[in-house]
Amino acid sequence: MAPPPDTSKTTKLERYNSYIRRVNSTKLLAASTNLLFRATLLTAVVLILLFTLHYPPLLAGHHPSAASAHSHRSLLSSYSSYGGATWEREVRRSATPRRRGGLSVLVTGAAGFVGTHCSLALKKRGDGVLGLDNFNSYYDPSLKRSRQKLLSHHGILVIDADINDSKLLIKLFDVVPFSHVLHLAAQAGVRYAMRNPQSYVASNVAGLVSLFEVAAKHADPQPAIVWASSSSVYGLNTAVPFSELHRTDRPASLYAATKKAGEAIAHTYNHIYGLSITGLRFFTVYGPWGRPDMAYFFFTKAILSGNAITLFKTRDGVDVQRDFTYIDDVVQGCLGALDTAGKSTGTGGKKRGPAQLRVYNLGNTSPVPVGKMVAILEELLAKKAKKNVVTMPRNGDVPYTHANVTLAQKDFKYRPTTDLATGLRRFVK
Ligand SMILES: O=C(O)[C@H]1O[C@H](OP(=O)(O)OP(=O)(O)OC[C@H]2O[C@@H](n3ccc(=O)[nH]c3=O)[C@H](O)[C@@H]2O)[C@H](O)[C@@H](O)[C@@H]1O
């Protein structure tokens with residue numbers, strides 16, 4: 001019988017070969033992972049570049065900047081961390097009123113233009129204010145960070161979070177028994193809705209529902225809610241001046257449609273859950289710390305830098321007109337609405353009785369043609385604008401806005417006092 005073959009060497013060799021194969025495959029895996037990582041990085045850089053080219057930074061013009069507000073928002077909320085004794089202490093400190101009978105207000109969109117001014121005014125008179133903002137990149141977030149610094153200087157904490165983050169909202173209402181919510185977080189801008197429609201649905205519809213859900217079902221006590229609707233809901237309405245009784249079922253832009261949807265949603269939450277809700281229809285609000293995507297702001301920049309501006313005329317050749325409203329007047333209206341808001345009547349998602357549901361115009365009551373607005377800026381800046389006058393494109397704009405504010409005047413003494421020339425002088429300064 002032949003002796004069995006000596007396998008010890010072959011076995012060793014096989015083991016060695018298999019070891020080498022494993023090492024090589026690991027190297028291959030590492031190499032391919034490395035390659036994949038580099039490819040992903042390169043794609044991301046190319047995408048960011050393409051996006052930046054497509055949406056140049058807002059401060060350089062009037063186009064919304066970089067990444068879509070929506071994707072940025074989800075990124076922020078997934079990174080937002082909250083909780084813990086120190087965090088809760090800070091939240092309570094910011095939200096606690098300093099005067100007897102003061103309000104405790106959750107201000108959403110606190111690092112926004114109107115949000116910052118309202119938060120400061122509330123804090124100044126001794127109310128507690130806690131801010132919330134997602135710092136999205138619709139316009140330069142560094143302006144929002146500067147406003148956040150200003151607020152922090154006045155003892156107001158602004159949390160980085162999105163209104164769609166229900167868990168955070170629930171946590172906030174667990175920590176603080178807010179008496180009011182001033183809900184200003186929204187995707188603003190009329191014409192941008194054609195470019196990024198989903199961001200309007202995410203903020204102005206889904207975000208609003210997320211807030212109402214938490215306020216109706218989790219907050220105890222339920223807060224009274226005052227929120228920002230818009231003059232744009234009047235859409236194709238031709239009866240002037242715009243009254244709260246006029247038709248608002250013909251929005252001209254998706255922006256307006258989401259605000260109108262918000263008013264309908266408010267009705268539902270008031271009806272089912274007894275939430276006290278007040279909608280404020282703002283009319284083209286302007287002033288210091290304003291929004292760079294608005295015409296008065298980017299016109300000023302363009303005039304100073306010698307760039308041309310585009311002025312819209314209606315199809316009949318008339319200047320478009322706006323009831324430009326100065327920020328201080330709007331703040332007065334917001335505080336008046338908060339002070340006169342009735343209490344919500346429900347608890348734990350159950351209505352206990354009828355609650356207040358209101359809508360008010362907050363305008364200036366004197367429309368100004370955009371050409372006149374530019375003439376005021378030219379005088380203040382001592383420099384002529386280079387103007388391109390074009391027929392208003394079909395971009396969601398309406399030709400004319402004009403507020404009737406009798407209702408706000410009657411219910412909380414709203415009385416706008418700043419004309420456009422005075423307001424723009426303060427802005428330019
Ligand atoms: O009243 C409101 O509720 C709305 O007011 C503003 O919207 P808008 O009135 O369109 O304000 P701007 O974008 O600053 O435009 C002001 C005027 O300048 C005109 N315009 C704008 C841009 C431009 O390049 N040229 C031009 O003539 C517009 O047609 C408009 O008549 C805000 O941007 C909205 O977020 C807000 O909801």
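Predicted model: local features only at pLDDT ≥ 70, side-chain atom pairs only at ≥ 80, totals over all residues.
Reader: Why are α4 and α10 called oblique to each other?

Author: Helix α4 (residues 113-124) and helix α10 (residues 327-339) pack at an angle of about 60°, with 10 Å between their axes. Angles under 35 degrees count as roughly parallel, and 65 to 115 as roughly perpendicular. The pair is therefore oblique. The crossing of α4 past α10 is right-handed.

Reader: What makes the contact of α4 with α10?

Author: From α4 come V114, H117, C118, A121 and L122, and from α10 come I327, V330, V331, C334 and L335. By class, that contact has 9 nonpolar residues, 1 polar residue and no charged residues.

Reader: Why is α4 called roughly parallel to α5?

Author: The axes of α4 and helix α5 (residues 141-153) cross at roughly 5° and come within 10 Å. Roughly parallel is the term for angles under 35 degrees, so α4 is roughly parallel to α5. T116, S119 and L120 of α4 meet R147, L150 and L151 of α5. Those residues divide into 3 nonpolar, 2 polar and 1 charged.

Reader: What makes up the shell around the ligand?

Author: The ligand is surrounded by 18 residues, and the closest are A188, S230, S231, M294 and A295. By class, the shell has 10 nonpolar, 6 polar and 2 charged residues. Strand β8 (residues 308-313) gives the largest share, 3 residues.

Reader: Where does the domain name come from?

Author: An unreviewed UniProt entry places "domain: NAD-dependent epimerase/dehydratase" at residues 105-340. Such annotations may be inferred rather than shown by experiment. In the model, that span is 42% helix and 18% strand, and its end C-alpha atoms lie 14 Å apart.

Reader: Which residues does a cis peptide bond join, with omega about 10°?

Author: D220 and P221 are joined by that bond. P221 is in the loop between α7 (197-217) and β5 (224-230). A cis peptide bond also joins V240 and P241, with omega about -10°. P241 is in the loop between β5 and α8 (254-273). Most peptide bonds are trans.

Reader: What is the phi of F135?

Author: Phi of F135 is near 50°, a positive value in a residue other than glycine. Most residues other than glycine have a negative phi. F135 lies in the loop between β2 (128-133) and α5.

Notes. Residues numbered from 1 in each chain as written. Axes fitted to C-alpha atoms, helices over the stretch in contact; angles between N-to-C directions. Helix = DSSP H or I, 4+ residues; strand = E, 2+ residues; numbered from the N terminus. Parallel < 35°, antiparallel > 145°, perpendicular 65-115°, else oblique. Left-handed = near helix turned anticlockwise from the far one by under 90°. Contact = placed C-beta atoms within 7 Å. Nonpolar A, V, L, I, M, F, W, Y, C, P; charged D, E, K, R; others polar. Near = placed C-beta within 6 Å.
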